[in-house]
Amino acid sequence: MKNTRPLALITGASSGIGAVFASALAARGYDLLLTARRKDRLEELARSLAAHGTVAEPLEADLATDDGIAQVERRIQAVQNLDLLVNNAGFATRGRFFSTAVEGQDRMHRLHVVATVRLTHAALRGMVERARGGIINVSSVAAYRRAPGSVSYCATKCWMNAFTEGLALELRAAGSPVKVQALCPGYTLTEFHDAAGIDRNKIAAPLWMSAEKVVAASLAGLDRGMLIVIPGWQYKAAAFLLRHMPQWLLDWFAIAESRQRARD
């Protein structure tokens, strides 16, 4: 990789928000490390960005495994110009925790939590020493709720917000200018919901946002040093209500919604 341009590493870069981050950061003059499980998609994206002068290196890795995480950690440690890490890789499952396969729950916690911890740790040491850089953890507005059928997803995204907030405090206490952000999108038009088996027709059209708008909000927020970025007025309002409504009422709505979904 060239050392004259800033470098960004994006996980889950093969589609959706990750691929849009790649295009947006390339337009900002970044070279890229692109990691995901689908090598063919990564290579296709790297070729398309190379046509515009961006050096984009595809790195096939499964970040729900120890070997995959270690592979990306080694790549981070081998570069001296990593300016941005986007922890974007993630997925959702549907179904009650106690009746779904535990392997899927385990993979989710490894991907959302363990991979985020390990890659953030690998990246931050160099960023703090160089006194520049940033971390974007792609969380979700689901971090603000508890939902039957999405227990692990909501829990891991809640953890991601708390982890990012803790890092921000630690960096401030250390006098470091390195920025961290938790990006909390709502329903976004990507393959994510298709893979989770979510019927888009059951979600009101105004709730859907484009990945381009989500990424634009994230990068604008990073420029301003915003710790929590919630794209879209509708999700800002939802997050406000979820933070301030009585817990008993939130629980009642969650149970009612779950029962209605089971009847549909």
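A disulfide is a pair of cysteine sulfur atoms within 2.5 Å. That cut-off decides the first view of this predicted model.

View 1. The structure holds 0 disulfides. C184 is buried, at 0% relative accessibility. C154 is buried too, with a relative accessible area of 3%.

**View 2. The largest nonpolar core.** This core has 37 residues. Those with the most contacts inside it are I10, F21, L25, L32, L34 and I136. Which elements each supply at least two of its residues? The strands are β1 (7–11), β2 (31–36), β4 (82–87) and β5 (134–138). The helices are α1 (16–27), α2 (39–50), α7 (211–223) and α8 (233–244). The largest share, 7 residues, comes from α1. In soluble globular proteins, nonpolar side chains tend to be buried together.

**View 3. F21 and its contacts.** F21 is among the residues with the most contacts inside the largest nonpolar core. What does F21 touch beyond its neighbours within four places in sequence? Its partners there are I10, V86, I136, V138, L183, V215, S218 and L219. Two of these, I10 and I136, are also listed with F21 for the most contacts inside the core.

**View 4. A separate core.** Another core lies apart from the largest one.

View 5. Which helix gives the most to the lining? That is α4, with 7 residues. Both α3 (66–77) and α4 (102–130) supply at least two lining residues each. By class, the lining has 5 nonpolar, 4 polar and 3 charged residues.

**View 6. L33 in strand β2.** L33 lies in β2. Is L33 buried or exposed? At 1% relative accessibility, L33 is buried. L59 is 26 residues from L33 in sequence. In space, their C-alpha atoms are 7.0 Å apart.

View 7. A131 sits in the loop between α4 and β5. Its phi is positive, about 60 degrees, although A131 is not a glycine. A131 is partly exposed, with a relative accessible area of 42%.

**View 8. P177 and the residues it touches.** P177 is in the loop between α5 (151–173) and β6 (179–183). Which residues does P177 touch, leaving out those up to four places away in sequence? They are A131 and R132. P177 and R132 are 45 residues apart along the chain. Their C-alpha atoms are separated by 6.1 Å. P177 counts as partly exposed, at 47% relative accessibility.

Key:
Residues are numbered from 1 along each chain as its sequence is written. This is a predicted model: local features need pLDDT of at least 70, side-chain atom pairs count only at pLDDT 80 or more; totals for chains, interfaces and linings use all residues. Side-chain values use heavy atoms; hydrogens and water are left out. Helices (H or I, at least four residues) and strands (E, at least two) are DSSP runs, numbered from the N terminus. Ala, Val, Leu, Ile, Met, Phe, Trp, Tyr, Cys and Pro count as nonpolar, Asp, Glu, Lys and Arg as charged, and the others, Gly among them, as polar. A nonpolar core is a set of buried Ala, Val, Leu, Ile, Met, Phe, Trp, Tyr and Cys residues joined through side-chain atoms within 4.5 Å. Buried means under 20% relative accessible area, exposed over 50%, partly exposed in between (1.4 Å probe, protein chains only). Contact means heavy atoms within 4.5 Å.
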